[in-house]
Amino acid sequence: MTETTNARKIAFATFVRRALADARTMRAWSGTEVSRRTGVSRQTINRWVRGDWASDPEAERVVAFCEGLGLNPAAAFTALGWDRTTTPRTAPAPEMDPDVEALLRRLVDPNVSDAEKFHIRETIRYLAYRPTLPADVRNSGKEAG
């Protein structure tokens, strides 16, 4: 293994460790939760953390990991030493709803209490993972008015 390859592995492992630490502290996510939300297996994430990979991680998995954690994939690409112009580009993210942006601003605002941030996160988790209503129930509200 060359010195450059080893340095890339260390840089990417550091990036992944920081991302996991942030997910644990800021969102209270376990390793299983990170895996579920990113679509990247725990085994793969653990290999990345250890720098235990023979060939570069797949760009699609790196992008999925970053997007699942709300991170810019360019930071991971830089850690891997990839030229961003040669990596696969993803479609631009859709515009975010203004209400969601307001919630995100509150979550990073140092003047908002930890208790309020906790309630915001719990509400978001509930809404994100509740079962989808059947189409006939969703449409029945439209007919009532």
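Leaving aside its neighbours within four places in sequence, which residues is R8 in contact with? Select R8 and find out: the partners are D56, A79, L80, G81 and W82, where contact means heavy atoms within 4.5 Å.

Before going further, some housekeeping. You're looking at a predicted model, in which local features need pLDDT of at least 70 and side-chain atom pairs count only at pLDDT 80 or more, while totals for chains, interfaces and linings use all residues. Residues are numbered from 1 along each chain as its sequence is written, and side-chain values use heavy atoms, with hydrogens and water left out.

**Whole chain**

Switch to cartoon. You'll see eight helices and zero strands, in the order α-α-α-α-α-α-α-α. Helices (H or I, at least four residues) and strands (E, at least two) are DSSP runs, numbered from the N terminus. Of the 145 residues, 29% count as buried; that label means under 20% relative accessible area, with exposed over 50% and partly exposed in between (1.4 Å probe, protein chains only). Among contacts with a separation of 6 or more, 56% come from residues 24 or more positions apart.

**Helix α1**

Go back to R8, which sits in helix α1, residues 3–27. R8 counts as buried, at 18% relative accessibility.

Next, select F15, also in helix α1. F15 is buried too, with a relative accessible area of 15%. Leaving aside neighbours within four places in sequence, F15 is in contact with F65, C66, L71, A75, A76 and A79.

**Aromatic rings**

Now show the aromatic side chains. How many aromatic pairs does the structure hold? Five. Rings of Phe, Tyr and Trp (its six-membered ring) pair if their centres lie within 6.5 Å; planes under 30 degrees apart count as stacked, over 60 as edge-to-face and the rest as tilted.

Zoom in on F12 and W53. Their ring centres are 6.3 Å apart and the planes stand at 85 degrees, so this pair is edge-to-face. F12 belongs to helix α1 and W53 to the loop between α3 (42–50) and α4, so the pair ties together parts 41 residues apart in sequence. Buried or exposed, these two? F12 is buried at 0%, and W53 counts as buried at 8%.

F77 and W82 make a tilted pair, 5.2 Å centre to centre with 40 degrees between the planes. Both F77 and W82 are buried.

**Where α2 meets α4**

Two packed helices are described by the angle between their axes and the distance between the axes. Colour α2 (residues 31–38) and α4 (residues 59–68): their axes come within 8 Å and cross at roughly 115 degrees. That makes α2 roughly perpendicular to α4, a label covering 65 to 115 degrees (under 35 is roughly parallel, over 145 roughly antiparallel, the rest oblique). To see the contact itself, show V34, R37 and T38 of α2 with A64, F65 and G68 of α4.

**Last stop**

Finish at A28, in the loop between α1 and α2. Check the backbone: A28 has a positive phi of about 60 degrees although it is not a glycine. A28 is exposed, with a relative accessible area of 62%.

Key: Axes are lines fitted to C-alpha atoms, for helices over the stretch in contact, and angles run from 0 to 180 degrees between N-to-C directions.
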